[in-house]
Amino acid sequence: MIRPYQQKDREEVLGIYTYSDPTKKKRIEVKINAVERLDNWYGFVAEDDGGIVGYVLIEDLIGGMYVSELAVKEGYRLHGIGTSLMKEVEELAREKACKNISLNCNVDNPNKEFYKKIGFEESGSQIGYREGQDKIWFLKRVR
Ligand SMILES: CC(C)(COP(=O)(O)OP(=O)(O)OC[C@H]1O[C@@H](n2cnc3c(N)ncnc32)[C@H](O)[C@@H]1OP(=O)(O)O)[C@@H](O)C(=O)NCCC(=O)NCCS
């Protein structure tokens, strides 16, 4: 089941990702704070009987929806949960009259194939983004 993020989900959401980089957890906490406090940030969680198994955090940038974080718990991947979360993002984007959804991904992240599978197209690249990592940008038009 996909539903909007609630404050009580905070710790479970922070437990989804396996953090090889401790600064990543801090960055996700900052984004969760934004979802909790700001009108233009949204979150959705995927829940099964055992609890939260995935989440997406999004920013409405007026005209375009930006996917800031997306993760499905290890052991639950490749079962359509990521797709379901992104469908919810698309619905929200249409509701908010956004023209497109954008996101970026590390060049060497194999999960970039997932975005292509769900209809995103590469829209550019950025060399030496945060921490010097190269990023690929993806875009999907919704209107
Ligand atoms: C990326 C992620 C959210 C995908 O979620 P998921 O629930 O496993 O994805 P789905 O099961 O909905 O997959 C949809 C399609 O994409 C494909 N896919 C998913 N991950 C893939 C990968 N790493 N490589 C190739 N194809 C992939 C699936 O096979 C499926 O294809 P199909 O429709 O032909 O069966 C998940 O792997 C994840 O949380 N990864 C760790 C965090 C991360 O990297 N986030 C993205 C940062 S850019």
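So, helix α2: I28, I32 and V35 are its buried residues in this predicted model. Where do they sit around the axis? They cover an arc of only 55°, which puts them on the same side of α2. On the face turned away from that buried side, you'll find the exposed residues P22, T23, K26, V30, N33 and R37.

What do the buried residues of α2 pack against? Their partners are α1 (10-14), β2 (41-48), β3 (51-60) and β4. And here's a quick check on the helix itself. With 16 residues, running 22-37, at 1.5 Å a residue, α2 should span 22 Å; its end C-alpha atoms are 23 Å apart, which agrees.

Let's move on to the core. The largest nonpolar core has 31 residues, and those touching the most other members are Y55, V56, I58, V67, L85 and V89. At least two residues of this core come from each of α2, β2, β3, β4, α3 and β5 (100-106). Take V89 as an example: leaving aside residues up to four places away in sequence, V89 touches V56, I58, M65, V67 and I101.

How many residues surround the ligand? There are 17, and the closest are R77, G82, T83, C105 and E113. The elements giving two or more residues to this shell are β4 (64-72), α3 (81-95) and α4 (112-117).

Technical notes:
Residues numbered from 1 in each chain as written. Predicted model: local features only at pLDDT ≥ 70, side-chain atom pairs only at ≥ 80, totals over all residues. Near = placed C-beta within 6 Å. Helix = DSSP H or I, 4+ residues; strand = E, 2+ residues; numbered from the N terminus. Expected span 1.5 Å × (residues − 1). Buried ≥ 20, exposed ≤ 12 C-beta atoms within 10 Å, placed from the backbone. Arc of directions from axis to C-beta. Contact = placed C-beta atoms within 7 Å. Core = buried A, V, L, I, M, F, W, Y, C linked by C-beta atoms within 7 Å.
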